[in-house]
Amino acid sequence: TQSSSASLTWVVGPPNASSMGFSVSHRGSKYVLTGKLDLGLVTSLSSRLTYLLNDNLSVKITGRIGTSGVDAELGLARRFSPTNTLYAGSAVSLQGGTAFKVRYSRAGQVFEFPILLTGDCRDWEVLAAASIVPPLASFLLMRYVVGPLKRWQRRRADLAARSEHAEQLQREANRAAAERALLQPVARRKAAAEAAAGGLVILEAVYGLLHEYRLARSQQGQSGSEAAAGMQQDQQQQQQQHDQQRQQQQHTKAQQQA
């Protein structure tokens, strides 16, 4: 599903503190695009694109131009839980140079650690390294460290749950066997008494969903009746063939005697 929204903010105060902001946001199935215009002591026009790679991983691209300068940022965000998010990205500015940012968000609190790599934004080697190394390091870390650790923890939890379930099933089986052993003498005594008195003989006993059992029995009955009808028809055809052969033999014998 897609949706769009817009908001307008106006801060009234001294000339140095008064400002106005207008933002527009559009949300798609895999992305969120936001544009914002700020008017005041610092005037700027910014845009941000967030693209979802999966439910927990997203790429963020930000660009801004204004009276304070021009800057762009590219980063990768990983959500570990609804309240924990880790972000790493590279930012380049015409005035500030190239910096590497690490941001950790937890329950509304944000901890950001910017690391200045170079003061010259034209240092393309540092910019390329800052843009390539963090995503590559994150991918390798998630694939060869975090991923195997999570799978190991999941297997360990599954084995523990399976072992606990197996122990519970074994206890229930032992309890059922003990109850069956207690009931065997009583059942044998009642069966002997019924047999001696010519009493009731149980030919079949079922439990569970009776409508499924009746449906299965009716299907078996239909298949059995169809098979019996087929056998009866085959017997009638064989009897007719036998009668025809006997009549032919009698007719041939009568012609020979004549």
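Strand S3 and strand S4 (residues 44-52) run antiparallel and are joined by 8 bridges. Strands here are DSSP runs of E with at least two residues, numbered from the N terminus, while helices are runs of H or I with at least four. Two strands count as paired if DSSP finds at least two bridges between them. Within this pair, Thr34 stands opposite Arg48 in S4.

The model is predicted, so local features need pLDDT of at least 70 and side-chain atom pairs count only at pLDDT 80 or more, whereas totals for chains, interfaces and linings use all residues. Residues are numbered from 1 along each chain as its sequence is written, and side-chain values use heavy atoms, with hydrogens and water left out.

On its other pairing, S3 (residues 31-40) meets S2 in the antiparallel sense over 9 bridges. Ser19 stands opposite Gly40 in S3. A hairpin through 3 residues joins S2 to S3. Strand S2 (residues 19-27) is also joined to S1 by 9 bridges, and these two run antiparallel. Here Thr9 stands opposite Gly21 in S2.

These pairs belong to an open sheet of 9 strands, with antiparallel pairing and the order S1-S2-S3-S4-S5-S6-S7-S8-S9. Strand S1 (3-11) and strand S9 (109-118) are at the edges; each has a single partner strand, so one side of each lacks a neighbour in the sheet. From one strand to the next, the twist averages 15°. Angles run from 0 to 180 degrees between N-to-C directions, and axes are lines fitted to C-alpha atoms, for helices over the stretch in contact.

What packs on the sheet? Helix H1 (residues 124-196) does, touching strand S6 (69-81), strand S7 (84-93), strand S8 (97-106) and S9. The direction of H1 makes about 0° with that of S6. Contact means heavy atoms within 4.5 Å.

Leaving aside neighbours within four places in sequence, Asp71 is in contact with Thr62, Gly63, Arg64, Val92 and Ser93. With Arg64, there is a side-chain to side-chain polar contact at 2.6 Å. Such a contact is a pair of N or O atoms within 3.5 Å; within protein, one must be able to donate a hydrogen and the other to accept it, and residues adjacent in sequence count only if both atoms are side-chain atoms.
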